[in-house]
Amino acid sequence: MLIIKNGKIFTMAGEVIEKGSILVEDGKIKEVGTDVVAPLDAEVIDAEGKVVMPGFIDAHCHLGLFEDGIGFEGDDVNEMVDPVTPHLRAIDGINPMDRTFKEAYEGGITCAATGPGSANVVGGQFAVIKTYGKRIDDMIVKESAAMKIAFGENPKRVYNAKKKSPMTRMATAAILRETLFKAKKYVEKQEKAKEDPKKEPEFDMKMEAMAKVIRKEIPLKAHAHRADDILTAIRIAKEFDVDITLEHCTEGHLIADYISEERKAAIVGPSLSHRTKFELKNLTFETPGILQKAGVKVAIMTDSPVIPLQYLPLCAGLAVKSGMDEMEALKAITINPAEILGIDDRVGSIEVGKDADIVIFDGNPIKDINCKTVATIIDGKVVYKMGN
């Protein structure tokens, strides 16, 4: 049993508790408040003068799939031989021994959605994982959390070099539509087979993966920077009645009213980077704040390794500098990504019953450049302590 006491607790559940305590038992939060009493044998962390927050969540990165300080040998992000690879699963390529995991949890990031890149029209399945552990099977929060798809320049560039489709935005949309049509028919046959086993479709691993999207078990996770690509992603999702989240959303501020009207969530970033291609010409840290003020649910991401994962709070701080409300920026790296990823029953806020993923800072991590992580707790275990 563990008790964190005397801290300023940002619960991200609607209140900030001054001089509060958190009681942790069996990896879960058992009690939160100002009058928490712990057993005499409980481990004690005195957070006097410190800030206590739920562990930060990066809703879009490639943690463990693009290893640090290595080239081809550690690059497992993109399978660039087929524009449609929905059957690929992030958990089969993640190396939790990569040092970026340690850097992440030392920086207060306790949970991340990681998965395939944007080379293919359909890239494969993202997973949500904790950032501490040696075996990925023990770190999984959600094994299949979303289906990565991509619009814009990346699929065009990759397959133009191979002289095959897609070489245009039209082809990217057509290939995605064809895949969704096939998946819809596959699911229809599966449903009919419940009454007549003879109608069971021939096994297709790609369609088995896409069936999760058709059944709304997971959303499409749509890489789209430019405004027209964002709107194409929304158009296709509506056409097939599937769920979708908007990833990067670089020009989202230009069409914030449309995104709000369509009630789609935006996972914005990486904004702390160079404008490496034409579709990033309108890159700005103003985007998260503009979208949030328009009524869009916003998460901020690093797209690690584009921005190292430990700088997620810095990105939130730069969004505040560019006009986003401070509490909304904190939500964008805690409860908002948890809700967008469908894991808010476990993480994203400090509430009774949730996973004890808690971080203690010696200041405000999105405002104070000198702020340090005092301790990181994941699943009730102290995985990092400053000075140890």
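Which residues line the largest cavity?

1. Basis of the note. This is a predicted model, in which local features need pLDDT of at least 70 and side-chain atom pairs count only at pLDDT 80 or more, while totals for chains, interfaces and linings use all residues. Residues are numbered from 1 along each chain as its sequence is written, and side-chain values use heavy atoms, with hydrogens and water left out.

2. The cavity. The largest cavity is lined by Val77, Asn78, Glu79, Leu88, Pro116, Gly117, Ala119, Asn120 and Gly123, and about 30 Å³ of space lies in it. The structure holds one cavity of 30 Å³ or more. A cavity here is a set of points, on a 1 Å grid over the protein atoms alone, where a 1.4 Å probe fits but cannot get out, and lining residues have an atom within 4 Å of a point; grid points are joined across faces, edges and corners, and the volume is the space filled by probe spheres set on the points. By class, the lining has four nonpolar, four polar and one charged residues, where Ala, Val, Leu, Ile, Met, Phe, Trp, Tyr, Cys and Pro count as nonpolar, Asp, Glu, Lys and Arg as charged, and the others, Gly among them, as polar.

3. A stacked pair. The structure holds three aromatic pairs, a pair being rings of Phe, Tyr and Trp (its six-membered ring) with centres within 6.5 Å, stacked if the planes are under 30 degrees apart, edge-to-face if over 60 and tilted for the rest. One of them, Phe56 with Phe361, is stacked, at 5.6 Å centre to centre and 20° between the planes. Phe56 lies in strand S6 (residues 56-61) and Phe361 in strand S14 (residues 358-361), so the pair ties together parts that are 305 residues apart in sequence; helices (H or I, at least four residues) and strands (E, at least two) are DSSP runs, numbered from the N terminus. Both Phe56 and Phe361 are buried, with buried meaning under 20% relative accessible area, exposed over 50% and partly exposed in between (1.4 Å probe, protein chains only).

4. An edge-to-face pair. Tyr105 and Tyr132 also form an aromatic pair, edge-to-face at 5.4 Å centre to centre with 75° between the planes. Tyr105 belongs to helix H1 (residues 99-106) and Tyr132 to the loop between strand S8 (122-130) and strand S9 (140-150), 27 residues apart. Tyr105 is buried, with a relative accessible area of 10%, whereas Tyr132 counts as partly exposed at 30% relative accessibility.

5. Strand S8. Nine of the nine residues of S8 are buried, so this strand is largely enclosed by the rest of the structure. Strands pair if DSSP finds at least two bridges between them: S8 runs antiparallel to strand S7 (residues 109-114), with four bridges, and antiparallel to S9, with six bridges. Cys111 has Lys130 as its bridge partner in S8, and Ile129 has Ile140 in S9.

6. Strand S1. Strand S1 (residues 2-10) is joined to strand S4 (residues 43-46) by four bridges in parallel, with Ile3 opposite Val44. Six bridges join S1 to strand S2 (residues 16-25), and these strands run antiparallel, with Val24 in S2 as the bridge partner of Leu2. S1 and S2 form a hairpin with five residues between them, and Met12 in the turn has a positive phi of about 60°. S1 also pairs with strand S5 (residues 51-54) in the parallel sense over two bridges, where Lys8 has Val51 as its partner.

Conventions. 1 Å grid on protein atoms, 1.4 Å probe; cavity = no way out; pocket = protein on both sides within 12 Å on 5 of 7 lines; lining within 4 Å.
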